Amino acid sequence: MQLPTDHRQFETKVTPDRRDLNQPAGRALGRVVSCSGARATIAATAFGPALGAHDGCAIGRLISISLGTSRVVGLVYEMRALQPVWDEAGPNAIAIEAELLGEVVDGENGTARFNNGIVTYPPIGALAHRIRSRDLALIHDLGERRGVALGVLTQDAAVSASVDIERLLSRHFAVLGTTGVGKSSAVALMLRKAVAAKPNLRALILDPHNEYAHAFQDTSVRIDASTLDLPFWLFRFEEFADIIFRGRSPLEDEAEILREVIAVARSRYRVVSAHDMARDLGSSVLKRPLDPAARRAEAGGAAEQAAPYRITDLFTAIDELIGLHELRYPRTTLRALRVRLETLYGDPRYGFLFAHANSMETIAPVISQIFRVPHRGRPITVFQLAGLPSEVVNAVASSLARLAFDLAMASRGSYEILLLCEEAHRYVPQDQSLGFAPTRQAIARIAKEGRKYGAYLGIVTQRPGELDPTILSQCSTVFAMRLGNERDQQIIRAAIADASASTIAFLSSIGNREAIAFGEAVATTMRMRFSDMPPQELPEMERAQGLGDYQREPGLDELVSRMSRQG
Ligand SMILES: Nc1ncnc2c1ncn2[C@@H]1O[C@H](COP(=O)(O)OP(=O)(O)OP(=O)(O)O)[C@@H](O)[C@H]1O
Ligand SMILES: [Mg+2]
């Protein structure tokens, strides 16, 4: 692509449009002087104190190139003066580089249609214009699909930025951007619109900063360490082990013992329940402990099922192993495990695991509390992770993601559930050796198969580079907000099929609350600005409760105790 180097030749070309350029009302910009398959260069003349001062031509804007009954739409990605001097009185020859995105084709009766891709390329000399508002609206129109406005186009505030909420949810979405650009606020806006548009939608927000309850005061329930009931028996083996061993993998013996005693406790619970029912028959044999062979058989499967058991049976089963004549495990390991369990059981911070666990016979109360069945006008659950002991966060996130999937699947599509993960790079990190494998699996399962059953994923992160790219690539709509880091921009480029190099280049410079929206829920890649939200609808970190503790200056004892908890 060669630009005319002869300034005079260049100027003569654009002379006919000079009058228009001087008048803000005129839409003409200049003429095409070169065109390749994907790009065109427009030669124009600019007057005035600054390049691009006249409305309608600036980086990131769409322009149109007239071809009679159709108009090719281009995105301006570069502008420069052809001489390294600027004459304020003008004229100044400038070159505008545009990436060609598609074309608006006029139909009959004043109708028009936008097609991605181009059939007729602009010839050299074709006239480029500032785009009409009508064309801009047409380009971003979702047609038959139901659109919900999340804001306006950056280029023209008269045109609303609509997304197809159905697609947005069912094909998963991601909101990426550096810290403070407005990700959480954008998510609050989207969820507000989503639950309004879809009455049977539930949303579960994993909220690491306890900030979302503020945004959904009337439509959410807040679950925190004091209101949570997540019985210990509901966890899968790996999750429970992660809690007990505080994030380190259990040694072979420890894992084996734990599996075995859980299986024994489960089978005893079932036996005792059966016994309760058969009490009249006076069947005392049912209380007999399982023989070792039966224990081993049970150990294979029973530890994995979310069937209840009693913590006391766990202690008894360990004691029985300690008391065996022929020891199968080292006594010290058995004793250490018992102490670990006792400590956990006696620690009030873990009350949510044990307090009501044995008054629950099934997972029904958990499902009803966390997944809002029925939702009673509050379809959003804000799960506040900030007050939970840090060593249970992984297991809790894993079990919730797993339950969300299982519930959606069991409901056969009648309950749709969105799992919204803030700081998603923590749960599904790019580095496979980091993170907690069961959480990764549970989230990956929603990402890969969730849409079939109505389990959807929303991902928010400031560090797309640290996020598992396979999860990101399952997010069919991406709101890319400001991302300064070159590597993060590359990640987006790789993950999004229709992300052109020039669009991505803007990501380092777009404003707060602005996003470039790509993917299935939008008609065309769209540079937009999220609506202004009133303060009561914005996420805000809680000061009054929970985190309030962190606001006042703690005493030495409190500090030391917090530090030991963190370690
Ligand atoms: N749509 C909006 N309407 C009104 N104010 C907004 C909007 N978006 C962002 N803000 C303002 O910007 C601030 C930061 O936004 P927000 O907390 O959403 O950013 P973030 O990207 O989630 O930040 P972090 O990376 O720290 O989580 C908000 O507290 C709010 O004051
Ligand atoms: Mg945030």
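Let me start at Ala-306, which touches Trp-233, Leu-234 and Arg-266, leaving out residues up to four places away in sequence; contact here means heavy atoms within 4.5 Å. Ala-306 sits in the loop between H8 and H9. Helices (H or I, at least four residues) and strands (E, at least two) are DSSP runs, numbered from the N terminus. With a relative accessible area of 40%, Ala-306 is partly exposed. On this scale buried is under 20% relative accessible area, exposed is over 50%, and partly exposed is in between, with a 1.4 Å probe and protein chains only. Ala-306 and Arg-236 are 70 residues apart along the chain, and their C-alpha atoms are separated by 7.0 Å.

Before going on, the ground rules. This is a predicted model, in which local features need pLDDT of at least 70 and side-chain atom pairs count only at pLDDT 80 or more, while totals for chains, interfaces and linings use all residues. Residues are numbered from 1 along each chain as its sequence is written, chains are lettered from A and ligands numbered from 1 in the order in which they are written, and side-chain values use heavy atoms, with hydrogens and water left out.

Now the rings. How many aromatic pairs does a search of the whole structure find? The search finds seven. Rings of Phe, Tyr and Trp (its six-membered ring) pair if their centres lie within 6.5 Å; planes under 30 degrees apart are stacked, over 60 edge-to-face, and the rest tilted. One of the pairs is Phe-232 with Tyr-309, edge-to-face, at 5.1 Å centre to centre and 80 degrees between the planes. Phe-232 is in the loop between strand E12 (220–223) and helix H6 (237–244), and Tyr-309 is in the loop between helix H8 (292–301) and helix H9 (311–323), so this pair ties together parts 77 residues apart in sequence. Both Phe-232 and Tyr-309 are buried.

Tyr-345 and Phe-354 have ring centres 5.1 Å apart and planes at 85 degrees, so this pair is edge-to-face. Tyr-345 is partly exposed, at 41% relative accessible area, whereas Phe-354 is buried at 8%.

Two arginines lie over ring faces. Arg-259 is over Phe-237, 4.0 Å from the ring centre, and Arg-527 is over Phe-506, at 5.6 Å. The criterion is NZ of Lys or CZ of Arg within 6 Å of the ring centre and within 35 degrees of the ring normal.

On to ligand 1. Which of the 13 residues around ligand 1 come nearest? They are Lys-183, Ser-184, Ser-185, Ser-531 and Met-533; a residue is near if one of its heavy atoms lies within 4 Å. An oxygen atom of the ligand is 2.8 Å from a side-chain N or O atom of Ser-184, and an oxygen atom of the ligand is 3.2 Å from a side-chain N or O atom of Thr-179. At Val-181 a backbone N or O atom lies 3.3 Å from a ligand oxygen. The protein covers 74% of the 630 Å² of accessible area that ligand 1 has on its own; areas come from the Shrake-Rupley method with a 1.4 Å probe, and for residues only the protein chains shown count as cover.

Last, the chain as a whole. The secondary structure comes to 19 helices and 18 strands. Of the 567 residues, 51% count as buried.

Methods:
A polar contact is a pair of N or O atoms within 3.5 Å; within protein, one must be able to donate a hydrogen and the other to accept it, and residues adjacent in sequence count only if both atoms are side-chain atoms.
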